[in-house]
Amino acid sequence: MSSAAASDAAPEPTNPERTGPAGGTADPADLPIPAGADAAAGGAEPAGTSRGDGAGRPAAPPAPGGMFSSLRNRNYRLFAGGAIVSNTGTWMSRIAQDWLVLSLTGSSFAVGITTALQFLPMLLFGLYGGVIADRYPKRRILLTTQALLGLLGLGLAALTLSGAVQVWHVYAIAFGLGMVTVVDNPARQAFVVEMVGPADVRNAVSLNSANFQSARLIGPAVAGVLITAVGSGWAFLFNGLSFLAPLAGLLLMRRSELYEVPTAPRGKGQLREGLRYVAGRPELIWPIVLVGFIGTFAYNFPIWLTAFADHVFHGDAGMYGLFNTVLAVGSVIGALLAARRGSSRLRLLVGAALAFGLLEVVAALSPTYWIFLALMLPIGVFGLTFNTTANASVQLATDPAMRGRVMSLFMMVFVGGTPLGGPLVGWVTDVFGARIGFLAGGLVAAAAAACVGLVLARMGGLRLKIDLHRGKDHKLIELVPREPQPVGAESVAA
């Protein structure tokens, strides 16, 4: 289930920054998920969560986990089956949209404007979407939003196939897609736990990413062939029709098998309540800060890859599609590796973000087409590792009653920063070249990861240790606890 671009009344969870698993102070770099959420991940459900019609019946203990454990849930299988069809259409539409705008204008800045308009509504209204997701049944919301996304796709197809399309049409439809996504995204993210329960949230988030990126293997390649052979309109048509699949999946779901939760009552100050909730929890605020920087400046692939294909390597839409396909292969690998993990730690989050930024720097400086193409694979691995780790950590660290609002803030900073970063990165790419634009995005990602990592290390009482000794028991770089100062050291230093 896609958009044009993963339970809800429990007691307030323990703050891991204050209480660690052993009763002492926890390391924020090592504990993004509250103790209560970890218990839920082991099989217990938060208070107020019910499996079935709201009667509060306890769910049966989950079966042993695995890479595909979420798929034992029938409702999630329907969700995933519809999503793979819709996601394929979405990727076809994205490639066709970017290439259509570049063909109409010849400008990377115009591609950036299109991307910005698609995500501007998330920046302006994202938190309101979270309030709606917490207030109304999420399955009902998704039935409405998926239908609207399909109709917008069909509208763009009609304009393009008729030959009447102009760049302002693309801008308007991109903005319309963004408005629907404001509500669709937090509802879709929070609906995951209602389909699979707390035990499989990490796995389901990772499989959602694998699903989306698997479609990326097919969509760009098919779009490249269609654009070259018959034009962009047919890609838009397939995208519009593809939303029939998730709509069918939602309609076929069994309500009795959902982990239903009470909806939040209507009330004043719910936006402020959500912001205060996030601001008081380091395990939420720092991943969201890092996601904001990387989403704004380092995920502008439509701008960079179109520019590299057209201006640096002098290719066509097929080359642009190939770049996206290889990037998707790496993303699928990263998502499947994430699905195998039993926990989501902030250390992994920071490390993946740092590697992602540094790889973008190397790709920007790569001298040949083949090196650039090969680097798309590890960039995809680390980009998806960062994304799924951040998503799962934030979901599991959040009180279910607040999950819609917290995930709307998460998505707002992740994709809502694009209206700011997209035009800026597009302008830098137009003025200084594709290499400088890509290089700048990678440097921002690496610097943000380093800064957040240092803040988390300081909060957790850690320091960076560099060990130049060789041997399997020696790590070159690792974080270790700070050594306590000897009694009287302060006076000696004085």
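## Helices H4 and H5

Helices H4 and H5 are roughly antiparallel to each other, where angles under 35 degrees count as roughly parallel, over 145 as roughly antiparallel, 65 to 115 as roughly perpendicular and the rest as oblique. H4 covers residues 138-161 and H5 covers residues 167-196, and their axes come within 9 Å and cross at roughly 155 degrees. Axes here are lines fitted to C-alpha atoms, for helices over the stretch in contact, with angles running from 0 to 180 degrees between N-to-C directions. The helices themselves (H or I, at least four residues), like the strands (E, at least two), are DSSP runs numbered from the N terminus.

This is a predicted model, in which local features need pLDDT of at least 70 and side-chain atom pairs count only at pLDDT 80 or more, while totals for chains, interfaces and linings use all residues. Residues are numbered from 1 along each chain as its sequence is written, and side-chain values use heavy atoms, with hydrogens and water left out.

H4 passes H5 in a left-handed crossing, a crossing being left-handed if the near helix is turned anticlockwise from the far one by less than a right angle, and right-handed if clockwise. The residues that form the contact of H4 with H5 divide into 15 nonpolar, six polar and five charged; in this count Ala, Val, Leu, Ile, Met, Phe, Trp, Tyr, Cys and Pro are nonpolar, Asp, Glu, Lys and Arg are charged, and the others, Gly among them, are polar.

## Helices H2 and H6

Helix H2 (residues 74-105) and helix H6 (residues 201-229) have axes that come within 7 Å and cross at roughly 40 degrees, which makes H2 oblique to H6. The crossing of H2 and H6 is right-handed, and their contact has 20 nonpolar, seven polar and two charged residues.

Arg77 belongs to helix H2, and with a relative accessible area of 42% Arg77 is partly exposed; buried means under 20% relative accessible area, exposed over 50% and partly exposed in between, for a 1.4 Å probe and protein chains only. Apart from its neighbours within four places in sequence, Arg77 is in contact with Leu71 and Arg72, where contact means heavy atoms within 4.5 Å. Arg77 and Met195 lie 118 residues apart in sequence, yet their C-alpha atoms are 9.4 Å apart in space.

## The nonpolar cores

The largest nonpolar core has 85 residues, and those with the most contacts inside it are Leu290, Phe323, Phe372, Met376, Ile379 and Phe438. The largest share of this core, ten residues, comes from helix H13, residues 346-365. A second, separate core of 19 residues includes Val196, Ala204, Leu207 and Leu250. A nonpolar core is a set of buried Ala, Val, Leu, Ile, Met, Phe, Trp, Tyr and Cys residues joined through side-chain atoms within 4.5 Å.

Not counting residues up to four places away in sequence, Leu290 touches Leu349, Val350, Ala353, Phe386, Ala448, Ala449 and Val452. One of these residues, Val350, is found in helix H13 and is buried, with a relative accessible area of 14%. Leaving aside neighbours within four places in sequence, Val350 is in contact with Leu290, Ala449, Val452, Gly453 and Leu456. Val350 and Ala446 are 96 residues apart in sequence, while their C-alpha atoms are 9.4 Å apart in space.

## Helices H10 and H14

The axes of helix H10 (residues 282-297) and helix H14 (residues 369-396) come within 10 Å and cross at roughly 150 degrees, which makes H10 roughly antiparallel to H14. H10 passes H14 in a left-handed crossing. On the H10 side the contact is made by Leu284, Pro287, Ile288, Leu290, Val291 and Ile294, and on the H14 side by Phe386, Ala390 and Val394. The residues of this contact divide into nine nonpolar, no polar and no charged.

## Individual positions

Gly321 lies in helix H12 and is buried, with a relative accessible area of 3%. Gly321 and Ala223 are 98 residues apart along the chain, and their C-alpha atoms are separated by 7.3 Å.

Two loop residues are exposed. His314, in the loop between helix H11 (301-312) and helix H12 (317-340), is exposed with a relative accessible area of 65%, and has a positive phi of about 55 degrees although it is not a glycine. Arg255, in the loop between helix H8 (244-252) and strand S2 (259-260), counts as exposed at 53% relative accessibility. Arg255 and Arg139 are 116 residues apart in sequence and 9.5 Å apart in space, C-alpha to C-alpha.
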